[in-house]
Structures are given as C-alpha cells and as structure tokens.
Amino acid sequence: MRRAAAFQETVISAVSNVYTSPRVAPLLVLGFASGLPLALTSGTLQAWATVEGVPLQEIGFLTLVGTAYTLKFLWAPFVDRYVPPLLGRRRGWMLVTQVLLALAIMVMGTLSPSSSLQALALVAVVVAFLSATQDIAFDAYCTDVLRKEERGAGAAIKVMGYRLAMIASGGLALIMADQWLGWGHTYMVMGGLMLLCTVATLMAPEPENVARAPRTLAEAVGEPLYEFFTRRGALAVLLLIVLYKLGDAFAGALSTTFLIRGAGFTPTEVGTVNKVLGLAATIIGALAGGSLMSRWGLYRSLMAFGLLQAVSNLAYWLIAISPKNLWLMATGVGIENLCGGLGTASFVGLLMALCQQRFSATQFALLSALSAVGRTYLAGPLTPPLVDYLGWPGFFLVTVLIAVPGLVLLKMLRGTIETMEKQGDS
C-alpha cells in the first residue's frame with residue numbers, strides 16, 4: 001500500500017510539474033487564440049448567413065474561405081526568414097497576427113451577410129489568412145520552446161486550448177448571437193477575446209536556445225527540405241506520418257452518418273454525445289497522453305497509443321452489431337475519442353521532434369499538411385464504397401486492419417525515430 005501511495009504521489013507530482021512549467025502553461029491560452037478564428041470563418045459564419053436568408057449556393061461558396069489553412073505551407077518560409085521588431089521571431093509573428101485578427105474579426109461584426117456578403121467574405125478570407133499565419137508561428141514556437149520531455153504535455157495543452165476556443169467561437173457564439181447580443185456584437189466580443197490572448201504572447205518565454213534565422217528567402221525555402229531529406233530514413237518517416245492515424249481517420253470519416261443512419265440515433269442524441277462527451281474524452285485523452293509521454297518517451301508512447309487507437313475502432317463495430325442503446329453509443333464514442341486524444345498527443349509530439357529549430361515553421365507546416373493526406377485523399381473518398389461493399393460492421397473491422405501497417409512501420413523505424421528526435425533537439 002505504501003509503495004502504491006508513493007508511486008501515485010510521484011505520478012501526480014510529475015504531471016503537475018510538466019503542466020505548470022512556464023514553457024507549457026501559456027500554450028493553453030495561445031492554443032485558444034489559435035483555434036478561435038476557425039469557426040468564425042466557417043460554421044458560425046455559415047449559420048449567420050443562413051439566419052439572414054442568404055441563398056444556399058452562396059453559403060456553399062463560403063466554405064472556400066478556409067483555403068488558407070490548407071495552403072499555409074506556401075508562405076511558412078517567410079515566417080522562418082523574417083523577424084518582426086518585437087518579441088523575437090516566433091512571438092513577434094504571433095503578436096502581429098493576433099492584433100490584426102482582433103481588428104479583422106471586429107470588422108466582420110460591422111458587416112452583414114444579407115447586405116454585404118462579398119465584403120464580409122473578403123474580410124473572412126483575410127481572417128483565415130492571418131489565422132493560418134498565426135498557426136505557422138505558434139506551431140514553430142511550441143517546437144522551439146518545449147524541452148523534449150515537455151512535448152507531449154505541450155501538445156495536450158494546445159489541443160485543450162484549441163478545443164475550448166472551438167466551443168467559444170462555435171456553440172457559445174451561436175447562443176450569444178441568437179439569445180443575447182446579435183451577430184455583429186458577438187463578433188465584436190470574439191475580437192475582444194482575441195485581443196486578450198495577446199497578454200499570453202507577451203508573457204510567454206523565449207526559447208532557451210534561439211536559433212539563427214535563415215539569411216535569405218531562398219535558404220528558408222530550400223534548406224528545410226534539404227536538411228530533412230538528407231536524414232537517414234526520411235522517406236519512411238514521411239510514410240509513417242501518412243499511415244499512423246489512417247485507421248482512425250477512416251473510422252471517423254462518416255462516424256456521424258453511421259450513428260444517425262446506420263445505428264438509428266437522432267441528430268440531437270448524436271450531437272449531444274459528440275459535443276459534450278466526445279470533447280471531454282478527447283481533452284482527457286490528450287492530457288493523459290501528454291503526461292504519460294513525458295515519462296515514457298516518444299517511441300513507446302506512439303506505439304502504445306497507436307495500438308489503443310486501432311483497438312478503439314471496435315467500439316463502433318460493437319455499436320453496429322448491437323441493438324440501439326444510447327449508453328452503449330455514448331461509451332463507444334467516449335472510448336474512441338479518448339484513444340484518439342492519446343494518439344493526437346503523441347503524433348504532435350512526433351511532428352515537433354522531427355523539426356530542426358532554424359526551420360521549424362516551414363518543416364512543421366509541411367509535415368502537418370502531409371498528415372492530412374490520409375484523411376483528405378484516402379479516408380474521405382474511399383470510406384463510402386467500403387461501407388457499401390462491407391456494411392458498417394465489416395467496415396469498422398477493416399479500419400482496425402488499416403491501422404496495422406502504420407504500427408508495423410513504426411516498429412521498424414524505432415531507431416530512426418529516436419535518432420531524428422535527437423537531431424530535432426539541435
């Protein structure tokens with residue numbers, strides 16, 4: 001009993017220390033700032049346009065506003081190359097974009113979809129561009145400032161802040177606009193929240209080792225690629241980035257459609273479980289993953305959480321073969337999101353470990369763009385025909401098998417990953 005109590009105290013102390021670190025704690029607010037603009041230029045903006053009677057075809061075009069998030073790797077070298085006059089290379093860009101974002105979001109609040117849709121969409125494009133640029137600088141800052149043992153915790157805190165921002169700018173903003181303030185004033189409040197986040201940027205510490213910025217733009221574009229691809233096993237690691245969360249991506253691609261159409265739950269039941277329990281489970285999983293990763297290290301965490309990610313897809317299989325049961329559905333969704341949060345913490349830790357500090361903005365942007373390939377170009381198009389051919393139960397069994405190649409490759413690359421993690425520290 002005494003040994004168990006001592007072990008528990010050690011674990012609690014380790015978790016407390018890693019999350020209260022001056023390098024980790026500010027990432028909660030900075031993650032909030034990173035996530036706040038997304039819904040304001042997507043779901044919340046679409047809801048505003050819908051309420052004001054904008055035709056459906058024009059609302060559909062608003063989905064193009066977020067293109068900047070997909071293409072942000074194109075201007076990431078500028079963020080690596082040029083240093084703002086205040087707060088250094090990473091925090092300087094974060095401060096500039098946050099101030100401009102606050103102003104641009106407030107400008108959105110002065111417009112109306114029904115009378116100024118084109119102008120509103122143009123400002124929304126500016127917001128998305130500034131938000132994507134903030135993400136470039138923020139991801140690079142996290143890569144630079146966190147010590148190796150803090151990367152998992154940093155990834156978890158980022159996820160938590162980002163998810164809380166999605167609640168604020170998504171669900172809470174809709175309630176505020178509908179019940180209390182109206183749409184324009186709600187966007188003003190959201191702009192004010194963004195401005196408050198600059199306090200965290202001002203107070204956040206600089207990296208302990210500040211790397212020299214690339215001397216020329218050509219160096220900022222070419223050197224990150226050369227540095228990465230001259231590493232041993234670089235191509236195999238890129239394949240791992242595509243495969244690691246592929247099974248999870250397939251399982252989640254049509255999960256909402258499955259729960260409504262395949263399992264027979266109402267949209268209200270699915271929405272409530274996904275928004276409340278799913279979000280809570282993802283945050284808990286990310287926080288637990290971050291604390292475990294600080295003790296286990298990168299490879300062990302990737303393998304353990306990858307196995308849990310794969311096995312958790314069986315929760316959807318169980319829902320598919322069982323009679324309709326709300327508690328079973330809630331438990332299954334909770335388990336899947338919990339394991340997904342664990343995997344996300346270790347996966348973001350992997351991306352950080354692979355970035356060389358001088359080029360972390362460009363390399364992280366490129367690696368994160370590559371990580372979306374499986375979800376966007378494989379899981380999205382291939383899930384419907386697989387479901388048609390196999391049925392929902394057979395499909396979810398296959399998603400477990402889809403996760404296996406990534407785990408096998410991870411096992412093969414153990415030595416390479418540990419070596420590249422050390423290189424990422426330099």
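Biologist: What is the relative accessible area of E206, and how should I read such a value?

Modeller: This is a predicted model, in which local features need pLDDT of at least 70 and side-chain atom pairs count only at pLDDT 80 or more, while totals for chains, interfaces and linings use all residues. Residues are numbered from 1 along each chain as its sequence is written, and side-chain values use heavy atoms, with hydrogens and water left out. E206 has a relative accessible area of 32%, so E206 is partly exposed (buried means under 20% relative accessible area, exposed over 50%, and partly exposed in between, with a 1.4 Å probe and protein chains only).

Biologist: Which residue forms a salt bridge with E206?

Modeller: Side chains of opposite charge can pair when their charged atoms come close. Here E206 forms a salt bridge with R91, and the closest N and O atoms are 3.0 Å apart (the term asks for a side-chain nitrogen of Lys or Arg within 4 Å of a carboxyl oxygen of Asp or Glu). E206 lies in the loop between α10 (183–203) and α11 (217–229), whereas R91 lies in helix α7, so the pair ties together parts that are 115 residues apart in sequence (helices, H or I of at least four residues, and strands, E of at least two, are DSSP runs numbered from the N terminus). R91 counts as buried because its relative accessibility is 8%.

Biologist: How many salt bridges are there by this rule?

Modeller: The count comes to six salt bridges. One of them joins R90 and D144, with 2.9 Å between the closest N and O atoms. Since R90 lies in helix α7 (residues 88–109) and D144 in helix α8 (residues 113–145), this pair ties together parts that are 54 residues apart in sequence. R90 counts as buried at 3% relative accessibility, and D144 counts as buried at 11%. R90 and D144 also belong to a network of salt bridges in which D80 and R89 are linked with them.

Biologist: Where does K245 lie, and is K245 buried or exposed?

Modeller: K245 lies in the loop between α12 (234–243) and α13 (246–253), and K245 counts as buried because its relative accessibility is 19%. K245 forms a salt bridge with D248, the closest N and O atoms being 3.6 Å apart, and D248 counts as buried at 16% relative accessibility.

Biologist: Which residues does K245 touch beyond those up to four places away in sequence?

Modeller: Those residues are Q309, G340, G343, T344 and F347, where contact means heavy atoms within 4.5 Å. With Q309, the side chain of K245 makes a polar contact of 2.5 Å (a pair of N or O atoms within 3.5 Å; within protein, one must be able to donate a hydrogen and the other to accept it, and residues adjacent in sequence count only if both atoms are side-chain atoms).

Biologist: How many aromatic pairs does the structure hold?

Modeller: A pair of aromatic rings is described by the distance of the centres and the angle of the planes. The structure holds 14 aromatic pairs, among them F258 and Y316, which are edge-to-face at 6.1 Å centre to centre with 85 degrees between the planes (rings of Phe, Tyr and Trp, for Trp its six-membered ring, pair if their centres lie within 6.5 Å; planes under 30 degrees apart count as stacked, over 60 as edge-to-face and the rest as tilted). This pair links distant parts of the chain, with F258 in helix α14 (residues 255–262) and Y316 in helix α17 (residues 314–321), 58 residues apart.
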